Amino acid sequence: MATVTLDALGYEAESSLLGLEVIYQSLKEQHLDIFLGYWDPAMQTYATPYEAEGSVERVGINLQGAKYTFAVPAYVAEAGVHDFTDLAAFAEAFDSKMYGIEPGSNQLMFDVIADPAFGLDGWEVVESSETAMLTEVQRKVDDKEFVVFQAWAPHPMNTVFDLVYLTGGDAHYGPDFGAATVSTQVRKGYLEECPNVARFLKNLTFSVEFENEGMAYLIDEGMAPDDAGRAILKDHPDVLDAWLDGVTTVDGEPGLPAVRAALGL
């Protein structure tokens, strides 16, 4: 959505899918300008050193009401897995595996395995990608097999699967099932170098329901990211009023009519 809007304003925006370690190093080295996906507190381990040294700056919260922790299918919960401490007793059923996303983005899973409170010595974190993880979850759900995986909201997985978030992960993911805010971060100096985009980023906020709907275009309908961004903005053009308040095109013209025209609104 941000890329589509920036393109319509006359910028040349490019979005990349990267692991967290690569994202923060790229921001530090100024190969990347903007990160819209800082989950607090789940990603503090990654972000804190960069924010402390000043190479990464936080713009503000773009989403509230998110959550991020382990989940299992409902039939696994019905079998007795409700809490992180329940996993060890079902190690054989789980094949001592938990499923994560891109390498470099699963440190909390490794931390949980290393925590003696859970008795998970010998467990493996299967790292792949979000898509590969969800494909594996779907396969196991189809066969009614045990699986524990990294889950979060907003995401259509919450409607595609009958899943249950596990309690007991507060020490690593935070309370209330990893209740989180999502913030926008930028590389050092970007806000001063690009004040117009800075204004857009400060205006840019989402809701869980809005993001669930937008993600469904990607995952359920297989749209390309830019096409999904255009589709959700056409469904909810009213969000542009707030996003583009005080924002111009790259040439200094009013931003809202330019974006509406580019989207055919």
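Of the 265 residues of the chain, 48% count as buried in this predicted model. The accessible surface comes to about 12,300 Å², and carbon and sulfur atoms account for 50% of that area. The fold is built from 16 helices and seven strands. With a radius of gyration of 20 Å, close to the 18 Å that the globule rule gives for 265 residues, the chain is as compact as a globular protein of that length. Along its principal axes, the C-alpha trace spans about 65 × 40 × 25 Å. Among the contacts in the chain with a separation of 6 or more, 74% are made by residues 24 or more positions apart. The side chains include 14 that are positive and 44 that are negative, and the centres of these two sets lie 4 Å apart.

The largest nonpolar core contains 87 residues, of which Tyr24, Phe70, Phe149 and Trp243 touch the most other members. Strand E2, which covers residues 56-73, supplies the largest share of this core, with eight residues. When residues up to four places away in sequence are not counted, Tyr24 touches Phe35, Tyr38, Tyr46, Ala47, Tyr50, Val56 and Gln185.

Leaving aside residues up to four places away in sequence, Arg187 touches Leu27, Gln30, Leu32, Asp33, Ser55, Glu57 and Glu193.

Helix H14, formed by residues 225-235, has among its buried residues Ala228, Gly229, Ala231, Ile232 and Leu233. In general, an α-helix has 3.6 residues a turn, so residues three or four places apart point the same way. The cover over the buried residues of H14 includes helix H1 (2-8), helix H13 (208-219) and helix H15 (239-243).

Leu18 lies in the loop between H1 and helix H2 (20-28). With a relative accessible area of 30%, Leu18 is partly exposed, since this class holds values between the 20% limit for buried residues and the 50% limit for exposed ones. The C-alpha atoms of Leu18 and Asp251, which are 233 residues apart along the chain, are separated by 31 Å.

Terms used
Residues numbered from 1 in each chain as written. Predicted model: local features only at pLDDT ≥ 70, side-chain atom pairs only at ≥ 80, totals over all residues. Heavy atoms only, no water. Buried < 20%, exposed > 50% of the residue type's maximum accessible area, 1.4 Å probe, protein only. Helix = DSSP H or I, 4+ residues; strand = E, 2+ residues; numbered from the N terminus. Contact = heavy atoms within 4.5 Å. Rg over C-alpha atoms; globule rule 2.2 N^0.38 Å. Areas by Shrake-Rupley, 256 points an atom, 1.4 Å probe, with all protein chains shown as cover. Lys, Arg positive; Asp, Glu negative; His and termini not counted. Charge placed at Lys NZ, Arg CZ, Asp CG, Glu CD. Core = buried A, V, L, I, M, F, W, Y, C linked by side-chain atoms within 4.5 Å.
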